[in-house]
Amino acid sequence: MKKSILNTPAFRYIFEIIVIVFSVTLSFYIQSIIIDREKVELKNESLKGVLADLNEDLEGFNGAQKFLANRIKISEEFLSGQVSNKSINQILGTYGFLGIDSNYKSLVSTGALEFINDKLLIKELTTYYEINYSVLKDLSEQYKHFYLDIFDFMTSNYPIESMNKITLVEDILEHGNLNYKYSKKILSKLREDFEIQNHVYSLKRIIIVYIRFYQQAIKRNKKLTTLIENELE
């Protein structure tokens, strides 16, 4: 009787190799599925965090828009001749950009961004955090630059009459008004000073641009919120 090929050492050896290769391949496949699933879960958690960040941004950006609009109003009052200590003190201030992007950075650094299904969402996220943020940060610095120019001009040319004292209780600030007070004579002189008016015009111009880009960011923020909610469904 012929010996079956299934009982030969060569066949058993080949079969064992096939089993080992299959087991290793299956193990890698299962591990890949687990890793992909973990990344999808990480993506979802990160996107939920981004949603929370967007909500905080929206609240902050709306507040910034109102604050800056008031600065324009004050500037226009000043330029129309309504010069007062209140208007000067409000003009002598700046407004920094405070965006929150920690969860977006996590989304990118962990590689979970690539597991987003909606390519439009990826594009909008990149535009919002890489472009809108960059422009707003740049405008914030420009605003600061104009603010420092007008502040330096005022401190060099117009003496401050007084400033309210602060109240400290056990070295803790309880009350303090940071406003400067200028005399009536100085206020009257400011109304006729074309240099300070030019400074205020420059300040007004950068604030208008600043607001417009906040408006763009607010619009994209709302779009992103909808896209992320659809991605998480």
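Reply: Ring pairs join Phe61, Phe97, Tyr104, Tyr128, Tyr129, Tyr133, Tyr143, Tyr210 and Tyr214 into a cluster. Rings of Phe, Tyr and Trp (its six-membered ring) pair if their centres lie within 6.5 Å; planes under 30 degrees apart are stacked, over 60 edge-to-face, and the rest tilted. This is a predicted model, in which local features need pLDDT of at least 70 and side-chain atom pairs count only at pLDDT 80 or more, while totals for chains, interfaces and linings use all residues. Residues are numbered from 1 along each chain as its sequence is written, and side-chain values use heavy atoms, without hydrogens and water.

Me: How many aromatic pairs does the whole structure have?

Reply: The search finds 14 aromatic pairs.

Me: Why is the pair of Tyr104 and Tyr129 called stacked?

Reply: The centres are 4.4 Å apart and the planes 10° apart. The angle is under 30 degrees, so the pair counts as stacked. Tyr104 lies in helix 3 and Tyr129 in helix 4, 25 residues apart; helices are DSSP runs (H or I, at least four residues), numbered from the N terminus.

Me: What makes the pair of Tyr129 and Tyr133 tilted?

Reply: These rings are 5.1 Å centre to centre, with 55° between the planes.

Me: Why does Tyr133 count as buried?

Reply: Buried means under 20% relative accessible area (1.4 Å probe, protein chains only). Tyr133 has 1% relative accessibility, so Tyr133 is buried. Tyr129, at 4%, is therefore buried too.

Definitions and conventions. Helix = DSSP H or I, 4+ residues; strand = E, 2+ residues; numbered from the N terminus. Buried < 20%, exposed > 50% of the residue type's maximum accessible area, 1.4 Å probe, protein only.
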